[in-house]
There are 2 protein chains.
Amino acid sequence: MARRVVALAGGVGAARFLAGLVRVLPQEELAIVVNTGDDRDFFGLRVCPDLDIVTYTLAGVVNRETGWGFEGDTVRCLDALRRLRSDVWFRLGDRDLATHIQRSDRLRAGATLSEVTRELAAAFGLRVELLPMSDSPAPTMVVRRDGTRSDFEEYMVRDGAPEDVASLDLSAAREAKPAPGVLEALAEAEIVIVCPSNPLVSIGTILEVRGVRARLETRHDAVSVSPIIAGAPVKGPADRLLRAAGAEVSAAGVARLYRGFCRGMVIDKQDAALAPEIESLGLRVRIEETLMRTPEIAAALAKTVLELAGRAA
Amino acid sequence: MARRVVALAGGVGAARFLAGLVRVLPQEELAIVVNTGDDRDFFGLRVCPDLDIVTYTLAGVVNRETGWGFEGDTVRCLDALRRLRSDVWFRLGDRDLATHIQRSDRLRAGATLSEVTRELAAAFGLRVELLPMSDSPAPTMVVRRDGTRSDFEEYMVRDGAPEDVASLDLSAAREAKPAPGVLEALAEAEIVIVCPSNPLVSIGTILEVRGVRARLETRHDAVSVSPIIAGAPVKGPADRLLRAAGAEVSAAGVARLYRGFCRGMVIDKQDAALAPEIESLGLRVRIEETLMRTPEIAAALAKTVLELAGRAA
């Protein structure tokens with residue numbers, strides 16, 4: 001059953017936006033296609049950061065300060081694991097670990113990531129349709145200036161997202177088959193929303209998955225929220241990655257990346273001066289508060305996005 | 001390098017005894033061959049209850065009340081996992097989980113159980129040589145009166161160790177190859193000690209591993225501590241299992257099971273009256289406090305065992 005609205009999503013920014021969206025749209029009308037380029041195994045456990053961030057946020061159990069993990073979670077298991085091995089640099093809380101244990105166990109038993117994601121979403125009480133972009137691993141690789149390659153979490157968390165990015169390698173996403181339902185959702189939805197996420201390693205990976213960009217370009221009606229406010233990302237390394245890709249770190253820079261499939265973009269009030277430039281690229285612009293400090297701000301932003309898409313919420 | 005003393009061990013009783021033993025014997029002189037018949041996967045994590053009980057106890061981090069798990073451990077992960085699946089009946093604490101995550105990850109990477117056990121023992125600061133009885137899974141199966149089969153943890157923990165035991169199936173142990181070093185340790189040790197553990201599902205499984213019983217029978221000089229006091233086990237279902245096996249639930253019943261390879265047994269003061277019967281089976285007997293309520297009692301017991309083996313501690 002196709003959902004009326006489909007959103008492409010990465011991590012924290014997307015999740016906060018989606019929490020606002022489900023305040024103005026019934027969850028049953030929403031499908032979310034989530035980046036899996038950041039996924040990887042830690043100690044034999046499959047961790048899918050963006051899927052979990054979206055799940056925990058929509059379930060209302062996310063750590064509101066960090067935007068990821070559970071509110072009030074402890075890290076007793078990982079503290080103990082640190083005494084047994086030297087490569088414990090990724091923080092996974094005790095409650096959070098249960099998700100990864102369950103996912104890993106189901107995957108080893110032969111379930112697909114789509115199936116496990118659906119089970120976990122249901123267990124957390126979600127009624128949105130939550131779709132990984134692909135059931136195949138599609139790790140985003142960061143090529144460093146010294147020629148070494150890191151997966152995204154190694155670059156981001158282990159190494160602290162330094163400036164030394166030479167390029168991104170999204171070839172795994174390019175070879176990945178879209179998960180069941182992804183292309184159908186994009187074909188049948190009335191509205192496609194590009195959440196405020198990293199344009200390269202969150203949205204960019206989804207776009208690379210076979211058939212996704214073509215499907216979106218055919219529609220050419222997606223609406224997006226700029227993840228860049230006043231020349232800087234709210235969170236994460238989008239500035240470093242955009243610069244490495246030769247793109248401008250601004251809402252207009254993002255609009256240039258999205259213009260092939262987007263017909264509208266909501267930009268922050270601080271970026272009002274960029275509206276003419278973005279409109280000249282062929283996108284309709286709405287100016288709104290986009291720093292989602294509260295769920296109410298996120299809901300207002302979501303309402304504006306839906307209106308920009310030509311629908312009343 | 002062979003150790004001077006080798007102990008065959010199961011879970012809590014053995015661990016408490018061993019904690020006493022290492023008060024009167026340098027850890028460097030001790031090798032411990034541990035039952036792995038209770039091992040199994042939970043949610044894709046390999047759990048080795050007896051190895052962990054011995055490790056945690058000797059490391060001084062065990063929960064002293066239960067005899068297993070970490071002192072002061074929390075169960076936040078498993079509480080969370082319980083919301084994601086219905087088969088969470090085995091209690092694994094948050095710190096404890098780190099051990100299982102590490103073991104499972106190393107096993108999946110191709111390490112043997114012996115290798116992982118050695119790594120974990122070292123990480124916990126142990127200087128004893130800790131040997132699983134086998135590197136191959138050798139699950140003890142409990143055949144119930146209704147004909148169904150349960151592994152030991154299902155019988156013991158999930159079902160609460162009911163009386164409905166028809167028989168034990170130790171065929172997996174019988175087909176298991178001893179772990180590297182086990183037969184050598186048993187051949188070269190000056191002293192072999194059978195710890196106070198379940199004679200059937202802890203010691204019995206070790207004896208079934210290829211070559212172990214024959215090696216012990218050739219020596220015929222092991223010394224043991226009766227796990228039965230006044231007709232009842234201190235802990236666990238030994239009474240039910242002994243009855244199902246047609247054996248007497250007493251120190252004398254255990255002596256009959258061990259007489260083929262034991263030349264001595266320490267029994268509890270409460271069982272002093274059984275000494276003549278056990279001596280008539282060809283075992284020398286020492287009478288001692290065997291309920292190890294304190295480490296001091298365990299150390300005194302260990303001293304008596306070493307003396308019975310003909311060595312001063």
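Trainee: How many salt bridges does the structure hold over all chains?
Mentor: Over all chains, the structure holds 60 salt bridges, each being a side-chain nitrogen of Lys or Arg within 4 Å of a carboxyl oxygen of Asp or Glu. This is a predicted model, in which local features need pLDDT of at least 70 and side-chain atom pairs count only at pLDDT 80 or more, while totals for chains, interfaces and linings use all residues; side-chain values use heavy atoms, with hydrogens and water left out. Residues are numbered from 1 along each chain as its sequence is written, and chains are lettered from A and ligands numbered from 1 in the order in which they are written.

Trainee: Why would such side chains pair at all?
Mentor: When their charged atoms come close, side chains of opposite charge can pair.

Trainee: Let us take R40(A). Which residue does it meet in a salt bridge?
Mentor: R40(A) meets E154(A), at 3.3 Å from N to O. The pair links distant parts of the chain, 114 residues apart: R40(A) lies in strand β3 (residues 40-42) and E154(A) in helix α6 (residues 152-158) of chain A. Helices (H or I, at least four residues) and strands (E, at least two) are DSSP runs, numbered from the N terminus.

Trainee: And are those two buried or exposed?
Mentor: Both R40(A) and E154(A) are buried. Buried means under 20% relative accessible area, exposed means over 50%, and partly exposed lies in between (1.4 Å probe, protein chains only).

Trainee: With which other residue does E154(A) form a salt bridge?
Mentor: E154(A) also meets R158(A), at 3.9 Å from N to O. The two are 4 residues apart in helix α6 of chain A, so about one helical turn separates them. E154(A) has a relative accessible area of 17% and is therefore buried, whereas R158(A), at 40%, is partly exposed. Salt bridges that share partners join R40(A), R144(A), D151(A), E154(A), R158(A), D159(A) and D164(A) into one network.

Trainee: What about E119(A), which residue is its partner?
Mentor: The partner of E119(A) is R106(A), at 2.6 Å from N to O. This pair also links distant parts of the chain, with E119(A) in helix α5 and R106(A) in helix α4 of chain A, 13 residues apart. E119(A) is partly exposed at 32% relative accessible area, and R106(A) counts as partly exposed at 26%.

Trainee: Turning to the interface, how many residues are in contact?
Mentor: In chain A, 25 residues are in contact with 25 residues of chain B, contact meaning heavy atoms within 4.5 Å. About 2200 Å² is buried between the chains, and carbon and sulfur atoms give 61% of it. R76(A), L84(A) and I101(A) lose the most area on the chain A side, together 28% of what that side buries. Buried area is the accessible area (1.4 Å probe) that two parts lose on being put together, summed over both.

Trainee: How many salt bridges cross between chain A and chain B?
Mentor: The rule finds 4 salt bridges across that interface. In one of them, D73(A) pairs with R76(B), the closest N and O atoms being 3.9 Å apart.

Trainee: Which helices of chain A supply at least two residues each to the side that touches chain B?
Mentor: They are α3 (76-81), α4 (94-108) and α5 (113-123) of chain A. The largest share, 9 residues, comes from α4(A). By class, this side has 12 nonpolar, 5 polar and 8 charged residues. Ala, Val, Leu, Ile, Met, Phe, Trp, Tyr, Cys and Pro count as nonpolar, Asp, Glu, Lys and Arg as charged, and the others, Gly among them, as polar.

Trainee: One last topic: why is α2 of chain A said to be largely enclosed?
Mentor: Of the 11 residues of helix α2 (residues 49-59) of chain A, 10 are buried, so the rest of the structure largely encloses this helix. Among the buried residues are P49(A), D50(A) and Y56(A). Just after α2(A), G60(A) takes a positive phi of about 75 degrees.
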